[in-house]
Amino acid sequence: MVEGLSVLSIDNEAKEELEPRVGPLPKEDPEYHPYHHPAAGWGAAKSVTQFLVRERELVDGPRAIMKMNHENTGFDCPGCAWPDDTKGLKLDICENGIKHVTWEMTRKRVEPEFFAAHTVTELFEWSDFKLEDQGRLTEPMVYDPDTDHYVPISWKDAFELVGSTLRGLENPNQASFYTSGRLGNEATFLYQLMARELGTNNLPDCSNMCHEASGRAMQASLGTGKGTVDLKDWESADALFIMGVNAASNAPRMLTALAEAYHRGAQIVHINPLVEAAATRTIVPHDFMDMALFKTTKTSTLNLQVRIGGDLALLRGMAKAVLEEAKLDPKALDQEFIDRHTTGFAAYRELCENTSWEELERQSGVSRDDILKAARVYCDADRSIISWCLGLTQHEHGVDTVREIINLLLLRGNLGREGAGPSPVRGHSNVQGNRTCGIDHRPDDAFLDRLAEYCKIDPPREHGLDTVGTIQAMRRGDVKVFVGMGGNFALAAPDSPITYEALRNCDLTVQVSTKLNRSHLVHGRQALILPCLGRTEKDHQRKGIQSTSVEDSMSMVHMSVGMKRPASPHLLSEPAIVAGMARAALPASPTPWEWYIEDYDRIRDTMSQALDGFEDFNRRVRLPLGFRLKQPARELVFLTPSGGAEFSDAALPDVVPEPGTLALGTMRSHDQWNTTIYSDNDRYRGIKNLRELVFMNKADMRERGIDEFDPVDITSTARDGSHRYLKGYLAIPYDIPRGCAAGYMPEMNVLCALVDYSTQSDQPIMKHVKVTIEAAT
């Protein structure tokens, strides 16, 4: 064990040591200096330049930048799902997108000689930064248990290993097929088709850990699992409410929309426990004059620091204020809209009236005066958008909170018209497209009926396993094969030791990846690493260079075409890998797997028949900016049981921490993308050379006798009474509400118990962990 590294343990479970570090070992002492500069701007430009120099991509990096996010002629950024600019912007890019692309285009290679030189046991002790920093995987590898090494295997033999193992299962539900948000639509469609032709709906995905609550809430309230607004709506809204979002790191191109909104006089309200850099001011890098003059633009007109989990109370307070205003001015409500298009209003109004201001203040952690300020902004705006991210969803009551957003929007008819509506911020590039194209462990009958008709298969009808259910089933031995299509499942999932134990209990684990990561080292008795093309790379198939499609967070579907020579001649595309596994597992399949891979237009032709909204897919996806999937709720067509938009009347949850405890939320640092760590720095929060930290309120620190940079021990308590520990983390005083704390994922995932998942969405509760923090012993 490296000196000074943290150890975790679990009561009532087998104790296990987590990997030593996630990020690179610091070369200097940790530093903390509060950040007071604008988001993006010259800080982002400097960071990008340093990154390009470090990765030695000063030629290909800028070339890629000029091809990223260009309509139908370039490749889609493999980072976030923010929509492409609608005005033909030539540099629709951001700092994290450039880093993400450069990280993928690295010249470093992980070849068979690398695996011959290092055992899996040895590699497991490496940091996750060091693992990914070795470079791109070059050819398929299989685990040899006799030597504890990965060794080369041909694609044919790799596919046969997958196929024979799947064919040998007692039933198809003993396999689970995970998907990361980077998978393109065509590969996604083939992947779910393979699983369902095998006979299982075990299709967990990253949505199960992030926006599952959003989909379920909007489906219940509006009859659609997606937001209803597009980027043009953002450009015409009078008020924007940004909730639980760290835009400067998670969706940096949103800064352009916020700056433009401020310039046109729109009100911008940020609601978050931390006042993030994106909620202050920015210099948008492609505004060259502003860059030259160091001219900043505000990105907010009001910041409200809600307690962790208190968003529902704040939203209900705003709704209560709107209803009180309506008694003086009936125009505060859009009564005609409510009467014509909604149900349940009377019960919701009574609920708001019966909830006291004292309780709303206590649960939200925000004063009545400040709640009224936000309500005033909402009432004065003719058109309002409410946008949110994981700060609202990764809670026990995440579904109720998102439904409360819909309640508030319905009160003033902020739906189905320009510049208004709900707008979830999806973090992954194509996570929304994955769900649209069939990655859903709870598929509806209409989708399965179309799949049966046009793909000539008999898909299973019973619900499958999600992410939490898959981990539980692997641990029990009920799931014996795990296939991970992208991502880093071992590091992204909650309760790391339990997840590790579950993966190691499998007969076979298969990881389709571009780079070496923790999931390759936490494997089943048999294991495969199958290297794939990156989105930046040319995809050569029999009918020429192929394109794939992706869907952004606002339902726009567009093309992505790689521009770079593949990192290795042995790489296969994701659709080709899926087809290879499917043919081996289903030798008598009527699906023309090889024919599909020759020309992806053939996949899209089938998708145009099997997927609602994808009609005439091949023509429409090649239009400038692609096409937008239809949204019935946007047209005020509500596919709910009542036929109208439905008010919810959930009880207000008690989110005030018990005496002596804190509510801890996990989050990314700035120099990080999901589980990929670029450095140990977090520029926008003023952190340097440190990841093993916890942000705390100064008063909470004083109460516990803790000073800045003091080592502390963190204990989480799960709903079953078990405990998890992190020891020796450093305390950082931060502007965060009393009773709240925060730290980085994936390091803090160990505190998130697998049994602590939302009963509303089945999501792991990673933003509201009950902890105690004490000075280290």
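Helices (H or I, at least four residues) and strands (E, at least two) are DSSP runs, numbered from the N terminus. The model is predicted, so local features need pLDDT of at least 70 and side-chain atom pairs count only at pLDDT 80 or more, while totals for chains, interfaces and linings use all residues. Residues are numbered from 1 along each chain as its sequence is written, and side-chain values use heavy atoms, with hydrogens and water left out.

**Figure 1. Thr179 in strand E7.** Thr179 belongs to strand E7, which spans residues 175–179. This residue is buried, with a relative accessible area of 0%; buried means under 20% relative accessible area, exposed over 50%, and partly exposed in between (1.4 Å probe, protein chains only). Contact means heavy atoms within 4.5 Å. With neighbours within four places in sequence left aside, Thr179 is in contact with Tyr191, Pro204, Asp205, Cys206, Asn434, Ile439 and Met485.

**Figure 2. Overall composition of the protein.** The secondary structure comes to 30 helices and 33 strands. Of the 777 residues, 66% count as buried. Among contacts with a separation of 6 or more, 79% are made by residues 24 or more positions apart.

**Figure 3. Strand E18 and its partners E5 and E17.** Strand E18 (residues 526–531) is mostly covered, with 5 of its 6 residues buried. Two strands pair if DSSP finds at least two bridges between them. Strand E17 (residues 508–513) runs parallel to E18 and is joined to E18 by 6 bridges; here Thr509 has Ala527 as its bridge partner. Strand E5 (residues 141–144) runs antiparallel to E18, with 2 bridges between them, and Met141 is bridged to Ile529. E5 is also joined by 4 bridges to strand E6 (residues 149–152), again in antiparallel fashion, and the bridge partner of Tyr143 in E6 is Tyr150. E5 and E6 form a hairpin with 4 residues between them, and Asp148 in the turn has a positive phi of about 65 degrees.

**Figure 4. The largest nonpolar core and Leu528.** A nonpolar core is a set of buried Ala, Val, Leu, Ile, Met, Phe, Trp, Tyr and Cys residues joined through side-chain atoms within 4.5 Å. The largest one has 61 residues, and those with the most contacts inside it are Leu166, Phe177, Phe189, Tyr191, Leu528, Leu530 and Met581. A second, separate core of 54 residues includes Ala239, Ala321, Phe337 and Leu360. In soluble globular proteins, nonpolar side chains tend to be buried together. Apart from neighbours within four places in sequence, Leu528 is in contact with Met141, Val142, Ile153, Ala158, Leu161, Val162, Thr509, Val510 and Gln511.

Figure 5. E21 is joined to the antiparallel strand E22 (residues 556–560) by 4 bridges, and Thr548 has Ser560 in E22 as its bridge partner. Axes are lines fitted to C-alpha atoms, for helices over the stretch in contact, and angles run from 0 to 180 degrees between N-to-C directions.

**Figure 6. The closed barrel of 6 strands.** The barrel runs E25-E32-E29-E31-E30-E33, with mixed pairing. Its neighbouring strands are turned by 45 degrees against each other on average, direction ignored. Strand E29 (residues 693–696) and strand E32 (residues 740–744) run antiparallel and are joined by 2 bridges; the bridge partner of Phe695 in E32 is Ala742.

**Figure 7. Helix H12 and the residue that follows.** Helix H12 (residues 254–263) is largely enclosed by the rest of the structure, because 7 of its 10 residues are buried. These are Met254, Leu255, Thr256, Ala257, Leu258, Ala259 and Ala261. H12 is followed by Gly265, whose phi is positive, near 95 degrees.

**Figure 8. The largest pocket and its lining.** A pocket is, on a 1 Å grid over the protein atoms alone, an open set of points where a 1.4 Å probe fits, with protein on both sides within 12 Å along at least five of seven lines; lining residues have an atom within 4 Å of a point. The volume is about 1200 Å³, taken as the space filled by probe spheres set on the points, which are joined across faces, edges and corners. Of the 34 lining residues, Gln219, Gly225, Lys226, Arg435 and Asp444 lie nearest the centre. Helices H9 (212–222), H21 (431–436) and H22 (445–455) are the elements that give two or more residues to the lining.
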